[in-house]
Each structure stands twice: as structure tokens, then as C-alpha cells.
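Subject: Structure handover

Hello,

Here is the structure for you to take over.

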Amino acid sequence: MQILQNRFPHRSEIIAVLSVSVFVCHSWSIWGFLHELPSFLLYFRLAEISVVFAYMMAFAFLESLLITAGLVLAGAILPSKWLRDGFAYKGFIFVAVGSIAAFILQKNLRYEFPSTQMLMLNLVIPLTLIALFIAASHMWGPLQKVMLDIQDRISIMLYVYGPIGLVSILVVVFRNLF
Amino acid sequence: MQRMKTQLSQGLSRRDFLKLISLTPISIFARPLSNLAAAVNGDTPNFIIIVFDAWSASNVSLYGYPRQTMPHLERFAENATVYHNHFSAGTFTVPGTSSLLTGLHPWSHRAFQLGAGIIAEHVDHTIFSALAATHATLGYAQNQLADQLLYQTDHYLDTHILNGSLNVQNNLVYSAPIFKKDAHLAFASFEDKIFQKGVGYDSSLFLGPLYRLYILRDRLRQTIKYGDNYPRGLPDTVELFVLDDVVNGAIEILKHIQGPTLAYLHFHPPHNPYNPTQEFFGKFAKGWLPPDKSVHPLSGEINKKSLRKQRRFYDEYIASWDSEVTRLFQFLKESGLTENSYIFVTSDHGELFERGELGHWTPLLYNPVVHVPLIVSRPGQKIREDIYTFTSSVDILPTAAHLSGNPIPAWAEGKPLPGLGGENRDARSVFSMDAKTNSSFTPLVNFSISITRDHHRLAYYNYPKQDYKKYEFYDLNTDAHELKDLYSSNPALAIEMKDELLQKIEEINRPYRR
């Protein structure tokens, strides 16, 4: 059991990474919701709009958990130096670079399946950037500190988005069960 | 059904699925007869409502279109009643289908916008509830927006065939069984925002693009598999499908009708994209050309060349669909369903290729977008009848209620169709409207509405945001293409119709004024 625990990052670091994932997923989802809100107001009542918001927040929360779980699992599987040691700032880099890469991929994906070359670029460039940032922050302490400071400030949002996500999951479950 | 869909995803071919569906226990298709026994006797007919989406009477050879787009439909019509002046109450799927299902005009059901539904007050007022006492009910809508409306009335549907059942792709989240109780809002959340499938940005930042990749790869795979026969690509509802599978599936569905049933089958063709089979590709490349019409100020200002090209593609797609759907008509005849069923073939709205406007996402209310086919086959009908009285899509529900022996619901705004229990009334006013930029909860401010009566049409366009307010008046007898606006000459009938229209608008808006 102890061996297994040693493989995983520390709980506080997991929460720090979760807070970044939650922040990114929820903020992006809220932006999307606000974009659609004017048309929703034309035909949905406030209660219905709230339910749509709940669906989006519930999904964003589950997505954040999935992203964090994926990173935790990767941290446990990969050599410790790669991800587990300094999980908080490395996880931050993964989520931040991953968000930009995901945004660019969304922008490029429309009606045609992309070429293998484009897909490789979308995979290789983010991974290279992640590796570079990790190396840079490993070698240059102030960069690591800046990231951890940002993460620390973002973590406050976990106390806002977290409960919203949990309540939203309950709303969605309740509506589909009863 | 869901179990079979799961098997399908595990490698069962679509054709095998269609064969298997015939083995599905009949009990899931038919309501326990004990529920109906009191009201039903052996003579109670079925009602089969077949809707082709975005199908304009203006492009159908049966209605005088110069291109031979639907020769097979003409054969079906030999034993049916053809309604020559039938109009949809709305200009796109949501208001058009809502009116068809509720027997209400858009100003009453308030489903004005893309993604909107029937308002709570009328959500139980549908053709399924109107016939619930005497008929088992079955609904299938290939168009997701129409399927939303079926979900709204789901508790009156004994069988709701899943939207993607007859498509070659299945990638819509809202129709997953876990969302069955909340499909309308799940649709607004998932299909409109979380996974947008190529349009805009997904609200799911990380999983969204991955899901897009999965769907695009699947589209590529299906196109490689079935694409040879579709030079412009596979027909597409957001999910790809092939025409013969849809018809085969519909036949399998209808094979299970047992006991009096109301079946509503809403097919996506000939809705855009207009992707005909190889056989009809380029069929109308030469020959007849449509008349020129001046660009309307509210149009998308699409150039004439593009409109002509798109019209040709649309006509080819209609012809392609006609050649497939004829097997459904043949099945209805050979199976004996034509002997004990009223079969309605109609559309939710039309399609426009003129005046700078393309498709049906338009405020314009000219014939091509509101004049839709209606062909009704009575049980055992052997000769063709033609009816020229003006009728509306809101008339389908009262007609079915009347013919099934149910009371015509008090909420219904239509009348039984002439020839099916209704009167031939030439002076009847038929309304069509569009209010997609208006709120469902406020008086009508941004809208267009038309009244068609005595072979004349008065259209009123009121768009204050665009500083556009205008009446147009056409004599449909002498000017079927609506080229000569007679409103400025102030004819007495136009004034009379304008008064009626303004009175109607006042009546519509009164409950919504604070």
C-alpha cells in the first residue's frame, strides 16, 4: 500500500492541479454558455436556462476530474522525475499548454478529418512545449515560482467552481432519474 | 432497440440490423390492447403521417413543376387525394413541425426559433394525445429538431424510434437512453454547446476536439464505405445516412403495426445538403430554367447563378429520394396498409431558391417556402381526387381526430380537411409566419406573417431592427410566381385582408402585453 502511495503525487499537489483544470474547463464552458445566452433567452425560461447551465457545469467538472485523473495516473506510471516530482507545477504546464493546443485543434477541426501531418503537429508541438517549459522551470526557479503563484491564486476558484460542479451533477442526475 | 444499437456498434452491419429489427417483439411497438379496447373496433383505421423535410410543392412535378422530379409520387397519387393549395404554418422545421403536431399556429405553440420547443401550456396538446384513446402511437424523426418535439410529447408515444436508428452514424449524445427524461435540455446542452460538431467552438475544451476527431474519422470511414453511389457526398443530418437504408428501416418499422396505430415518420430528405445518388447526379443540368425574380431586401442576396445551381441540386435530390421512397409506397400497398389506413404525405415547410434567398432560413413568405405538398390516401381509395381549397398544416390534427372518431380537441386551431370530413370553403384564411428573432414570451415585434385567401396572398414584413416594414399583395391565380406586387394599387381585397391580419396580430399579442 505504501509502495502504491509513493507512486502517486501528494494530495495537495493533486488538488492544485485539479484547481487549474477546474478553472480552465469551467471558465471555457461559461464563456460558451454566455455566447449562447442571448438565443436561449428568446425561447427558454430562466429555470430551463439554469438546467442547461447545470449540464454544462456538470460536464466541465467531470472533464476536469478526468484530466486530473489522467495526469495523476501518468505521474504514477511514468518515472518519478518526469511528472510525479513537482507534480503541481508540471501539471500546471500540462493543463495550460494542453488548453491552448486543444483550442487550436478545435479551431482547425471543422468538416474534414485532418491529415496525419496536421495531427502529428498538434501532438508533437504541445508535447515539445511542455517538455521545454518543464525543463526551463526545473532549471530556473523563478519561473517555477511564478507558475506556482498563479496556481495558488487560481485555486481559490475551486471553492466556487467545485460546488457549482457538484450541485450541477446532482441537478442533472435528479432530472434524469425522476 | 437500444440493445440492437449496441450490437450494431460492435460490428453488426446496418443491413443485418434492419433484418434483425423485424424480429423485435411486436409488444414493444404496440400498446397493450386492453388500454384501447373500449374505444377500438376492427374497423378503426391506422393513421400514417409521412413527412419529408423541407419539401416544397413548387419543386414537385405533381404540382406542375416543369422538371420531372417525382414521377413515383405521381403514381402513389393516382389512388389518393391531392391538395393543391396546402400551406405550412411555419417556414422551418421547428415552427412547421410544431404546427403539424399540435394543430396550432406558431403564435400559439410559440416554437419560433431553432432549438425552441412547444410552450408548456400546449406541450400535451399534440396529435398523439388527441388519438391516445383509440390508437397506439409511434414516432420517428430523422431531423434532430423535429425529434426534440417528439421528446416533448414522449409520454404520449408508445414507441419512440431513436433519431439515429436509420443513419449510418450514431453520434448524438442527447438521444442516449440516460437522457430520455430530459432530452430537450440535454440537446440544448450537448448538441448546441458541449459538442458542436464542426460549428463554432465546443464548450468541452479537451474532450470536444477529441470527440470531433472521432466523428470526423467515422464520417470518413462511412463515406469510403458508401460514398461511391453519392457523388456529392452522403446525405447528412449532422449524422450521415444513405437513402435506401432509411426506406428499408421505415418499412421494417411499419411491418410491426398491429392494431390501430398512429405512426408519424419524419424523414430528413430532401432537406439540405442536396446529395443525390449517382443515378440522379446532373439529371437536370440542361433544359428548363426558372424565371428571374428581383432580389428581396430581406434576403441573403445570394447571386442568381448560385441559386440556380442549388435549385438544380435540390431537384436532383428530390428525384433521388422519390426513386427510393417509392418502395415505401409500394410496401404500403402490398402489405394492405393502404386498405385500412389514412396515409398523409406532406412536409413541415418548403425551400426557396429565388429573390436572393436560399433554403428556408428566411423571413420571406413566398410560395416556395410555405406551399407544401399534401397527398392523402383514404383506406381503399382507388381513384385520384384533386382539392383546390386552401388548407393548412394545422388541419392535419383535427382531420385525424375527426376520422378516428375522437373529439376534435378544443385547443386545435385547424379544421378537418375538405374531402375528409371538412367543408370546401374558398374564403378561408390560411396563415404562415416566421418570428425566429422574436422572443417566445413577448408580443410579436420582429416577424413576418402572411394570410392567403381567395387565391390572394397578403404578406406583412415587420422588422423594426432592420427598419423594414412592408405589405405585399399578390394574385395567386394570375401571378403564381408572385412577381407583381399589387399592394400599392390599394385593391379592396388587400385592405380587407390587411384589416383581418392586423386584427389577428392584435389578438395574438394581447395575452403577452404586460
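This is a predicted model: local features need pLDDT of at least 70, side-chain atom pairs count only at pLDDT 80 or more; totals for chains, interfaces and linings use all residues.

Residues are numbered from 1 along each chain as its sequence is written, while chains are lettered from A and ligands numbered from 1 in the order in which they are written.

Confidence. The predictor gives the complex an ipTM of 0.93 and a pTM of 0.92. Chain B has a mean pLDDT of 91 (the predictor's confidence in each residue, from 0 to 100). In that chain, 91% of residues reach 70 or more. Residues 1–12 of chain B fall below 50, with 12 contacts in the model beyond near neighbours in sequence. A contact means that the C-beta atoms of two residues, placed from the backbone, lie within 7 Å. Residues 22–40 of chain B are also below 50, and that stretch has 22 such contacts.

Contact between the chains. Chain A gives 31 residues and chain B gives 33. On chain A, helices 2 (11–43), 3 (46–77), 4 (87–108) and 7 (158–177) each supply at least two residues. Helices (H or I, at least four residues) and strands (E, at least two) are DSSP runs, numbered from the N terminus. Helix 2 of chain A brings the largest share of that side, 10 residues.

Core. The largest nonpolar core has 176 residues. Such a core is a set of buried Ala, Val, Leu, Ile, Met, Phe, Trp, Tyr and Cys residues joined through C-beta atoms within 7 Å; buried means 20 or more other C-beta atoms within 10 Å of a residue's own. Among the residues touching the most other members are Val17(A), Tyr55(A) and Ile49(B). Helix 3 of chain A gives the largest share, 14 residues. Leaving aside neighbours within four places in sequence, Val17(A) contacts residues including Thr68(A), Leu71(A), Phe87(A) and Phe92(A).

Sheet. Chain B holds an open sheet of 8 strands, ordered 4-3-5-1-6-9-2-10, with mixed pairing. Strands pair if DSSP finds at least two bridges between them. Strand 4 (159–161) and strand 10 (385–392) of chain B each have a single partner, so one side of each is left without a neighbour in the sheet. Strand 2 (residues 81–87) and strand 9 (residues 374–377) of chain B pair antiparallel over 3 bridges. Thr81(B) stands opposite Val376(B) of strand 9.

Best wishes

Terms used: A residue is buried if 20 or more other C-beta atoms lie within 10 Å of its own, exposed if 12 or fewer, and partly exposed in between; C-beta atoms are placed from the backbone.
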